[in-house]
Amino acid sequence: MAKGQRIFLDIMKKRPLILDGATGTELQKRGMPAGVCPELWCIENPSVIASVHSDYARAGCDVVYTCTFGANRFKLGQYGEPDARSVNRRLALIAREALRGKALVAGDIGPTGHFIQPFGEVDFEEAVAAFKEQVLGLLEGGVDCFVIETMMDIQEARAALIAVKETCDLFTMVTMTFERDGRTLNGTDPLTALTTLQALGADAVGCNCSTGPDDMVRFIEAMKPYAKIPLIAKPNAGLPKTVGDTTVYDMDAAEFASRAGALIAAGAGILGGCCGTTPGHLAALRKTVARKKPAPPLRKSLAALSSARKTLLFEPGRPLAVIGESINPTGRKALQEELREGKTALARQMARDQEMAGAALLDVNVGVPGIDQEKAMQEIVLALSIATELPLVIDSAKAEPIERALRVYPGRALINSISGEREKLRKLLPVAAKYGAMFILLPLTDKGIPETAEKRAVVVRAIEQEARKHGFTRDDFLVDGIVMTAASNPKAPQETIRTVRWATETFGARTVVGLSNVSFGMPERKWINTSFLAMAAASGLTAAIANPASEELMFVKNASDVLGGRDRDAAAWIAHCAKAAGSAKKGAPIETLPPERKVRQAILDGNREAVAGLVGETLKAGLDAAKLAQEIMIPAIVEVGERFGRKEYFLPQLIASGETMKIGMEALEPFLKGDLKAQRGTILIATVKGDIHDIGKNIVALMLRNHGFQVVDLGKDVAAERIVREIDRHRPQVVGLSALMTTTMTQMKEVIALARKQGEQCPFVVGGAVVTKAYAESIGAEYARDGVEAVQVIQRLIR
Amino acid sequence: MDRLITFERITIEPPLEAIYRRLGFRKGLTKIKPDETRALGEGIEKARSLITLKGAARRLPILSKDSRLIRLPESHCLESTHLAKLLADSQEVLLMGATAGAAVIEAIRRDTAADKLSQAVVLDAAASEMVDAALDWMEAFFAQDLRRESRRLTKSRFSCGYGDLALENQKLFYDLLDLGRFGVELTERYILAPEKSVTAVAGIETTG
């Protein structure tokens, strides 16, 4: 138990613990000018901050924060103050002196204003060191507890929490700032923040700032079922409004206090106020909650893993989790090479591929002989932390790479694995405990792998006994069933299944298997693997290390979830089947229409898959090819343009129809007598020199081709000289030029001037984001707003 | 204040409404079938998987300003009457830059070359809107701190090449934000490459 925790818990047995309210706005009201460093100003004006502290204590706050929110080396450095430790010490002393035991003093740690690796440029250890300066100063000033607050980056919150926990054992609260959409700016949701921070040793977790109390109810509700520690709600006084030059909040003290009941009902045990609140708000809050007893934490442990953005719960009734096995250099030469070169691109791609394929977790192994595995593990874990939302499984035979990974990983990871080998237990259990990781319990010892489930059970219990000494419970590990090769020992798969069943039904723990070992040396391994997965799933398996790219495996896994009651309403099964079916349903023609009407409808619908067949069907039915083009297809694409003009169609529909038309025309072309395109004319188009934005030009080209024009597309970044040369070569009826930027737009004028100088008289049409009709006229060109208008303008010019 | 802040990964949801609007969708007018909606959703999801939003920002004090010229430290200045008007009450500027990365641009190129322009435009629109949303995200990040300093950002921001703020200023933004660290290049005509890379400036004002 953290030092000071008893005081907090005793208060919460009777009523919510009350934190203080806003400091910044109180200081401004009492004379702090805008734009100064609040911490340094408070050192120069200690009586003012002391009065704020005293007023909050008088209002009934149990805990008052030191004015050290921005007293870190990064922020103080902006004001030329190099000694963060001293500033923290002095401000803590001011708070102690002001409060004189009337309230507890919380050493306040706010964000640095920078993002920490892997989300920003500040090295993780630099951030930890910066927070330690603060922690040391605050301890010297005599704080009673710590609060890490207003964090929007979970990694920064972790760095600060590690700094506190590595320095002292005082009660430490952590509050994140969630936006109204329920995530921090960096994308962490309340449950994920809770999972990561309570595992790392926070004594209370919650939210402050950003929203008013009403929104905060949702965040507390999301955390409460999974919290083993008290939850904190420290909302703003409603929502901010700008009145003239001033930001004001819309809740007065009485209204603010009236929301406390909902926060307590949601599960908050610690309340306070943030921006816009005053001692008056806090006094009203304290009075309102005087007889409201908060609910204690609902659980003592939580089987869950997290990344920076996502939590995976191992709760009963949850689907079997596939742990993607690809990021392992064994037998993968390309990955070995990449790890040797210190690169991570392939691993990131593998992570994305496995995530797309349906993995719930990713195993990460960097076991290449001769490389610095600690460094490689850190780099790959940092890279994967931003490449995937999936929590990671840190897989290494050595303790050091695991420790390095756990320190920098912005979530709660799973260690693969901790066995009963004496050295592993000695090294890894303390590391897992320090960083709050879950682990795979591998029931083997220095004597080897026990052959039977019964013998494995003995080892499991022995390892558990050791783990309990470090605070672990059965919710903190998954028992490995140990998969041996069926080819060498036909009884081995049964022993694995028996181990899984015992661990699930008798021992009451989660389980995992490394699936593919079972089929080693066998032909058609996927069938052995999937059958074994189904058997293990039926025995209660929680997770399997496997290849999610295996279609068969993922079908069996999803089917097992349905049959095992782990997929409510078969929703995941249906979604999996729909995904697998892909675009099979696309392009179904309307059967009742005559063939030529089907072609028209296909163009209107953008049915690329069906149009070529329908053109063939129409020709077979006896319709003349030219007639089909002139009377059916071109009018259809014209109608698409009209619908686009009326905004009934938007761009993807316009282009899908355009692509359908193109495919249809290609199917038709061998049957056309004479060259239809030549009859309509040739258009030369280009994006001018210096400009690389050409998607608009590509749309125009597609539209023109579909209206029967021959298009010579010179591409992007094309010099004036080349355009004029190509005009001379192709003799187009019209030339189209595009540009997106003001600096490149001027090239259009140069192209036209050069063409005229060389005697070319062809008309020009120009377009692009910054091009206007007036500009077009000023350089002697026509203007078209978009692809549809370009076709109309060109048709008019040719006529 | 003058320290470059970089964001190696900006995590945001694709702004669906803005993406639809960019693609020409108009509520009440445009009719989309369920399979088209699904295909669009898949396209946006693909864009999301290809886009890696990175950003950089820098707060700089305004040393002096008049109706046209904004002077910044180290003899840097921005010349624009429109920008000067926006910054009339500002004491500092916030320079911002963001990029969606090269992978999405490469995918757009591949789709275009493979006659899959309808996929390419969705990727293009999603990338444009996501990189713009990254600037919103950075503004929100700074707004937190500014509120505690009794400061705020101007209601709008300005980009080079708009109004009378010449695109040539892109060089100043590029250098001060060190966008090269993200693999972004500046062409001789002051265009940022890869294509979905943007810069902007907002003002920082003191509140009452």
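Student: Let's start with chain A: in what order do the five strands of the open sheet β22, β21, β23, β24 and β25 come, and is the pairing parallel or antiparallel?

Tutor: Before the order, some ground rules. This is a predicted model, where local features need pLDDT of at least 70, side-chain atom pairs count only at pLDDT 80 or more, and totals for chains, interfaces and linings use all residues. Residues are numbered from 1 along each chain as its sequence is written, while chains are lettered from A and ligands numbered from 1 in the order in which they are written. Now the general idea: helices (H or I, at least four residues) and strands (E, at least two) are DSSP runs, numbered from the N terminus. Two strands pair if DSSP finds at least two bridges between them. Here the order in chain A is β22-β21-β23-β24-β25, and the pairing is parallel.

Student: Which strands are the edge strands of that sheet?

Tutor: Look for the ones that pair on one side only: in chain A, these are β22 (710-713) and β25 (782-783). Further in, β21 (682-687) and β23 (734-738) of chain A are joined in parallel by five bridges. To find one of those places, take A:T687, whose bridge partner in β23(A) is A:S738.

Student: Which strands of the sheet does helix α30 of chain A touch?

Tutor: For contact, two residues count if their C-beta atoms, placed from the backbone, lie within 7 Å. For direction, axes are lines fitted to C-alpha atoms, for helices over the stretch in contact, and angles run from 0 to 180 degrees between N-to-C directions. Helix α30 (residues 720-730) of chain A packs on the sheet and touches β21, β22 and β23 of chain A, with its direction about 170° from that of β21(A).

Student: Now for two helices: at what angle do the axes of α19 and α20 of chain A cross?

Tutor: Angles are sorted this way: under 35 degrees is roughly parallel, over 145 roughly antiparallel, 65 to 115 roughly perpendicular, and the rest oblique. The axes of α19 (453-468) and α20 (492-507) of chain A cross at roughly 45° and come within 9 Å. That is why α19(A) counts as oblique to α20(A). As for hand, a crossing is left-handed if the near helix is turned anticlockwise from the far one by less than a right angle, and right-handed if clockwise. The crossing of α19(A) and α20(A) is right-handed.

Student: Which residues of α19(A) meet α20(A)?

Tutor: From α19(A) you'll find A:A453, A:R456, A:A457 and A:V460, and their partners in α20(A) include A:W502 and A:F507. To sort residues by class, Ala, Val, Leu, Ile, Met, Phe, Trp, Tyr, Cys and Pro count as nonpolar, Asp, Glu, Lys and Arg as charged, and the others, Gly among them, as polar. The contact of α19(A) with α20(A) has six nonpolar, one polar and three charged residues.

Student: Over in chain B, what is the angle between α4(B) and α5(B)?

Tutor: They pack at about 160°, with their axes 8 Å apart. So α4(B) is roughly antiparallel to α5(B). This crossing is left-handed. The residues in contact include B:V104 and B:I108 of α4(B), along with B:L117 and B:L123 of α5(B). By class, the contact of α4(B) with α5(B) has seven nonpolar, two polar and two charged residues.

Student: How many residues of chain B are in contact with chain A?

Tutor: On the chain B side there are 49, in contact with 48 residues of chain A. Elements giving two or more residues to that side of chain B are β1 (5-7), α2 (34-50), α4 (102-113) and α5 (117-148). Of these, α5(B) supplies the largest share, 13 residues. The residues on that side of chain B divide into 19 nonpolar, 14 polar and 16 charged.
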